[in-house]
Amino acid sequence: MKRLAGFIKKEFIHIFRDFRTLIFLFGIPAAQILIFGFAVRTDIKNAGIAVLDKAKDEISTGLISKLESSDFFILKENLMTDTRIDEVFKTGEIKAVFIFESEFGKTLINEGSANIQIIADGSEPNVANLVTSYSRAIISDYTMELNRAEETSAIPVEPEVKMYYNPNLESQYMFVPGVIAIVLLLTCAMMTSVTITREEEFGTMEVLLVSPLKPIQVILGKVMPYFLLSLIDVVFILFLSWLVFDIPIRGSLILLMLESMLYIMMGLSLGIMISTLARTMQQAMFTSLLGLMLPAIVLSGFVFPVESMPEIYNWLSSIIPPRWFVTIVKNIMVKGTDFSFVIKETFILLAMTLLFITLSTTRFKKRLE
Amino acid sequence: MIRAENISMSFNGTRALESVSLNVDKSELFGLIGPDGAGKTTFFRIVTTLLIPEKGKVSINKLDTVDDYRALRKNIGYMPGRFSLYQDLTVEENLAFYATVFGTTVKENYHLISDIYSHIEPFKKRRAGKLSGGMKQKLALCCALIHAPELIVLDEPTTGVDAVSRTEFWEMLKKLQGEGITILVSTPYMDEAVLCDRVALIQKGRILGIDKPGSITGNFSKEIYAIKGRDKFRLIRDLRDRETVESVNPFGDSVHVTFSGNEYDENLLEYLEDKGHNDPGAELIEPGIEDVFLELMSKEEND
């Protein structure tokens, strides 16, 4: 016990003396939360628009102020001629231009329909899509209001869409589980594999092996500090996302922490396994980064939905642990479900953990090769 | 103390050791001398239970390195070729760590290392990575000694260390030996070999000879002359061209030469002067271990 305690103490000294380790542990999660939360968005806010109003009547100005007053758009410029359109797009600040035909209001009242042309910046397809669909919604809203004001007999059917769990479709709800899954995988698997191979590279493993320390003590001593720090990481990420993005935890926090512990153990055993395969720190680092990070980001379903992937990717995604963990976290955090809804995912993770532990302990050497 | 019988080992088809047998007595300072890649490290790893030999057996105090490795590991101090220190831990922390890992404390066994540790104690708050080669080596030795082992195995402890520290280090080893500790050490430096009680010369995984350093050189069959000259490179070339000369080996500031038939070539100096060497000198000298080694090596190759 004393030996193990001494080992763990040494491991903590390594971690706290190495600036890079601390950055990995706390800087990267914070950066990822903020980057994914603010920058990578699938909803839009305050997109710049410009207007070319050739009619300048009551109805067109009314619609413009309607567009402007939504949170989605900011009116940046009132254009005078068609030739300006090209120029404003080039500045990049304008995502869409709305063109009202002359006599817009009159035509609408007389003929029952009039034309608005929406030109969107197609170089950003996602934004363009969102801008057009949002503006379509606003315009149809507006015409509905007009109809009501004139009390026309036609009663249009109006679907009322409500987004369950995430009423505003905030993208952060999706990113937080993803970031937790990736950060934990990074800290657990990469850090442990790197720290174990570091002992081998600096020759200290030779002496540890000659010492009366049992392999299990070496492994535990390596892994325990990272287990603790990863748990702190989870709390840190949850706290940060609550603080900055107001993301609540709807389900049981205890359940969430227990599931995180399982996932952390999976990551740690994966890290030990990598260390038994890699010969140098660099190999361990690259294996973890390329072999784990990339699939974790692309295939876990946190950036691209698993359901819309081609069959083969879908199949591939099911063998990578983050996919299941993302589902678990999403269910507990966003939907507030209890354990019964994540049993399948939990058991898959458990099975993976056991597999990695068996593989790594059988491969961990009592001697040198 | 150590009894190695017919140890053979190979890695991916390359022979690293071939039927190596040697015995080391209790509190003996035993040296393994040989160039890089001779198999010294492999042999040490077998002795320290880190590798299982393909063939043969090693026992230490009658404990087998394969079957009884657990018991043995408590009793061996090992200092690998790269001083196995944690670069980001301080001198003190390194020592304390190895003490706890081996189930002891620095305080308990301080008397064992006090002599050596006193050299580095002023820097005990410094990180091991920032120490000079000599200090690293002393710290590594302290770490290997802290659990009071009966046997210490030192793999090239003086490689990359300055000359003063090397001398100091060997004095320490002598002292430890005086306290009854058995020491198995390897070195590529011939001048250190004479400081051992007995040495084994090893080359390409085979032992060329085991004896006291004095007896090894005493058995040298040839007369050896040290030839001096200013342009050493040209000197070696010209000596090799001379038919009467059998072997030419550069050695410090002179060139060691043996003659075929073991007969000194009276006309050699004249020949050298004709070749444009100013004031060449030849002197009969006592053979050193390196001379023996080179001779044994060339015999091996001719066989």
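Visitor: So how do H10(A) and H14(A) sit: roughly parallel or roughly perpendicular to each other?

Guide: Roughly parallel. Keep in mind that this is a predicted model. Helix H10 (residues 253–277) and helix H14 (residues 343–363) of chain A pack at an angle of about 30°, and angles under 35 degrees count as roughly parallel, so the pair gets that label.

Visitor: What's the distance between their axes?

Guide: The axes of H10(A) and H14(A) are 8 Å apart.

Visitor: And is the crossing left-handed or right-handed?

Guide: Left-handed, as H10(A) passes H14(A).

Visitor: Which residues make the contact?

Guide: From H10(A), the list includes Leu262(A), Met266(A), Leu270(A) and Met273(A). From H14(A), Leu349(A), Thr353(A), Phe356(A) and Ser360(A) are among them.

Visitor: How does that contact split by class?

Guide: The contact of H10(A) with H14(A) has 13 nonpolar, five polar and two charged residues. Glu259(A) on H10(A) and Arg363(A) on H14(A) are both part of the contact.

Visitor: Switching topic: what's the strand order in the open sheet?

Guide: S2-S1-S3-S4 in chain A, four strands with mixed pairing. Strand S2 (73–79) and strand S4 (116–120) are the edges, each pairing on one side only. From one strand to the next, the twist averages 25°.

Visitor: How do S3 and S4 of chain A pair?

Guide: Strand S3 (residues 94–100) of chain A pairs with S4(A) in the antiparallel sense, over five bridges. As for who faces whom, Ala96(A) stands opposite Ala120(A) in S4(A).

Visitor: Which strands does H3 of chain A lie across?

Guide: Helix H3 (residues 58–69) of chain A lies across strand S1 (47–53), S2 and S3. H3(A) runs at about 175° to S1(A).

Visitor: Zooming out, how is chain A divided into domains?

Guide: Domain 1 takes in 2–40 + 170–363, and domain 2 covers 47–150. Their C-alpha centres lie 47 Å apart.

Visitor: Last topic, the other chain. How many residues of chain A are in contact with chain B?

Guide: 21 residues of chain A, against 23 residues of chain B. Helix H1 (2–17) and helix H8 (204–210) of chain A each supply at least two residues of the side of chain A that touches chain B.

Methods: Residues are numbered from 1 along each chain as its sequence is written. Chains are lettered from A and ligands numbered from 1 in the order in which they are written. This is a predicted model: local features need pLDDT of at least 70, side-chain atom pairs count only at pLDDT 80 or more; totals for chains, interfaces and linings use all residues. Domain bounds come from an automatic or database domain assignment. Two residues are in contact if their C-beta atoms, placed from the backbone, lie within 7 Å. Two strands pair if DSSP finds at least two bridges between them. Axes are lines fitted to C-alpha atoms, for helices over the stretch in contact, and angles run from 0 to 180 degrees between N-to-C directions. Angles under 35 degrees count as roughly parallel, over 145 as roughly antiparallel, 65 to 115 as roughly perpendicular and the rest as oblique. A crossing is left-handed if the near helix is turned anticlockwise from the far one by less than a right angle, and right-handed if clockwise. Ala, Val, Leu, Ile, Met, Phe, Trp, Tyr, Cys and Pro count as nonpolar, Asp, Glu, Lys and Arg as charged, and the others, Gly among them, as polar.
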